Amino acid sequence: MFETRVMRKVTWRIVPFIMVLYLIAFVDRVNIGFASLTMNAGVETTNSIGNVAPSMIGWIKDTTGRFEGDL
């Protein structure tokens, strides 16, 4: 009997809070979808830099024989 009351009380306090968090996450996900339409140009630049960096590190390793540059 006591456990049932406790579970009912916990459920009535936690479930609404979880639903509010779910709604905020859903709205935020929709906003990110709309923002990505105009943000893709900047992301492409970031992705291209991210793809070049490992190649440059490999080129430095092949050229100098170590990961540091020639100093």
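User: Why is lysine 9 called exposed?

Analyst: Lysine 9 has 51% relative accessibility, so it counts as exposed. The cut-offs are: buried under 20% relative accessible area, exposed over 50%, partly exposed in between (1.4 Å probe, protein chains only). This is a predicted model, where local features need pLDDT of at least 70, side-chain atom pairs count only at pLDDT 80 or more, and totals for chains, interfaces and linings use all residues. Residues are numbered from 1 along each chain as its sequence is written, and side-chain values use heavy atoms, leaving out hydrogens and water.

User: And what makes leucine 21 partly exposed?

Analyst: Leucine 21 counts as partly exposed because its relative accessibility is 44%.

User: Where is leucine 21 found?

Analyst: Leucine 21 sits in helix α1, residues 2–64, and lysine 9 has its place in helix α1 too. Helices (H or I, at least four residues) and strands (E, at least two) are DSSP runs, numbered from the N terminus. The protein chain comes to 1 helix and 0 strands.

User: How many of the residues count as buried?

Analyst: Of the 71 residues of the protein chain, 0% count as buried.
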